[in-house]
Amino acid sequence: MMGWMEAVGTAIQYVEEHITEDLSAEEIAKQVNLSPFYFQKGFAMLCGFTLAEYIRNRRLALAGGELAAGSEKVIDIALKYGYDSPDSFTKAFTRFHGVTPSQVRKEQVMLKSERFFLTKARRSWFPSSGSSTIRKAEEKRLWGHTASISTRKWDRTLLNI
């Protein structure tokens, strides 16, 4: 059986590859051979957010990029990322990005970009808790990346995230 960090990494990779499809905790947990309940609890403990929050935030970040980069209709982008109506998409999008989809099209605005990935640090140096000594350790970490990106620079920046 794989360890938790490997399981989370595999799950995130699966989500990224299937982000525009209907995703369920059951299907994702099946990819890492864990029960949905156990997997969701472990995911939330390790990541600090739920699996559903991760999926929603990634979809909204990707939708923002598509709105900034193209001329596809807002309703088409909303449907692509699992929203049934333009109103529900606009509400979620505005909550996440702080601007409406139409503002992204009309103005230069800042958009959030979130991406999480698994890394293995071979030579990490960090203070041990409660003292000023430094110790060396090999560990695995889930790192998050959140950035605000100008819609003017979205195309170039998106490729580097």
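This is a predicted model: local features need pLDDT of at least 70, side-chain atom pairs count only at pLDDT 80 or more; totals for chains, interfaces and linings use all residues.
**A walk around helix α6**

Just past the end of helix α6 sits Gly98, with a positive phi of about 85 degrees.

Helix α6 covers residues 86-97, twelve residues in all. From its first C-alpha to its last it reaches 16 Å, close to the 16 Å expected at 1.5 Å a residue. Which of its residues are buried? They are Phe89, Ala92, Phe93, Phe96 and His97. Look down the axis of α6 and these buried residues fall within an arc of 110 degrees, so they line one face of the helix. An α-helix has 3.6 residues a turn, so residues three or four places apart point the same way. Over on the other side of α6, Asp87, Lys91 and Arg95 are exposed.

So what does α6 meet? Phe89, Ala92, Phe93, Phe96 and His97 touch Asn57, Leu60, Ala61, Ala63, Gly64 and Leu67 of α4. By class, that contact has eight nonpolar residues, three polar ones and no charged ones. The axes of α4 (residues 51-69) and α6 come within 10 Å and cross at roughly 95 degrees; the two helices are therefore roughly perpendicular to each other.

Now for α3, residues 36-47, which also has twelve residues and a reach of 16 Å from first C-alpha to last. Its buried residues are Phe39, Gly42, Phe43 and Cys47. Seen down the axis of α3, they fall within an arc of 110 degrees, so they line one face. Phe37 and Met45, on the other side of α3, are exposed. After α3 comes Gly48, with a positive phi near 85 degrees.

Methods. Residues are numbered from 1 along each chain as its sequence is written. Side-chain values use heavy atoms; hydrogens and water are left out. Helices (H or I, at least four residues) and strands (E, at least two) are DSSP runs, numbered from the N terminus. The expected span of a helix is 1.5 Å times one less than its number of residues. Buried means under 20% relative accessible area, exposed over 50%, partly exposed in between (1.4 Å probe, protein chains only). The arc is that of the directions from the helix axis to the C-beta atoms. Axes are lines fitted to C-alpha atoms, for helices over the stretch in contact, and angles run from 0 to 180 degrees between N-to-C directions. Angles under 35 degrees count as roughly parallel, over 145 as roughly antiparallel, 65 to 115 as roughly perpendicular and the rest as oblique. Contact means heavy atoms within 4.5 Å. Ala, Val, Leu, Ile, Met, Phe, Trp, Tyr, Cys and Pro count as nonpolar, Asp, Glu, Lys and Arg as charged, and the others, Gly among them, as polar.
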